[in-house]
Amino acid sequence: METRTVNAEILNDLVQINNDRIAGYEKAIEELKSEDADLKSLFVRMIGESHKLKMALATEVQALGEDIDQGTTNSGKIYRAWMDVKAVFTGHDRKTVLNNCEFGEDAAQKAYKMALAEEDLSADLRSLITEQKAQLRASHDEIKALRDSQA
């Protein structure tokens, strides 16, 4: 397959992962109690982060002359369904919500790692994806630290 097409496919996969991340945090906000305003503001920040990452990726897809995928991944839909089921059994406590968010952050890290493993990825896109992966890693670590601090 042509390198341009492969690069666009990789970028579109990452656009979809960020769409999943946005939807996951929107779902997490719904699960929070009113006293969890600190988590709500954190999750709103994470949603904003994914919108920025997605726009950078989409700009590159357009530069390659390809169409931008609008949806979410199948695995993302599975992840959100899993959050729904898990919430039914465990309630809506902070630690559970943070556990679910960390699960989503782990999935994003894995997707970015797989993208970087693609041999046909151009150098400029590799650099963009590496930067985004590092930014998402910091967010992952923030969620994990919060989760670990819960009783």
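Which backbone oxygen lies 3.2 Å from a polar atom of the side chain of Arg21? The backbone oxygen of Met46 does, a polar contact in the sense of a pair of N or O atoms within 3.5 Å, one able to donate a hydrogen and the other to accept it, where residues adjacent in sequence count only if both atoms are side-chain atoms.

The model is predicted: local features need pLDDT of at least 70, side-chain atom pairs count only at pLDDT 80 or more, and totals for chains, interfaces and linings use all residues. Residues are numbered from 1 along each chain as its sequence is written, and side-chain values use heavy atoms, with hydrogens and water left out.

Arg21 lies in helix H1; helices are DSSP runs of H or I with at least four residues, numbered from the N terminus. Arg21 counts as buried because its relative accessibility is 7%, buried meaning under 20% relative accessible area with a 1.4 Å probe and protein chains only. Leaving aside residues up to four places away in sequence, Arg21 touches Met46, Glu49, Ser50, Glu105, Leu136 and Ser139, contact being heavy atoms within 4.5 Å.

Met46, Glu49 and Ser50 are among the buried residues of H2. The buried residues of H2 pack against H1 (3–31), H4 (94–116) and H5 (123–148). The axes of H1 and H2, lines fitted to C-alpha atoms over the stretch in contact, come within 9 Å and cross at roughly 165°. H1 is therefore roughly antiparallel to H2, a term for angles over 145 degrees.

At 1.5 Å a residue, the 27 residues of H2 (37–63) should span 39 Å, and the end C-alpha atoms are 39 Å apart, which agrees. The expected span is 1.5 Å times one less than the number of residues. H2 is followed by Gly65, which has a positive phi near 80°.

Technical notes. Helix = DSSP H or I, 4+ residues; strand = E, 2+ residues; numbered from the N terminus. Buried < 20%, exposed > 50% of the residue type's maximum accessible area, 1.4 Å probe, protein only. Axes fitted to C-alpha atoms, helices over the stretch in contact; angles between N-to-C directions. Parallel < 35°, antiparallel > 145°, perpendicular 65-115°, else oblique.
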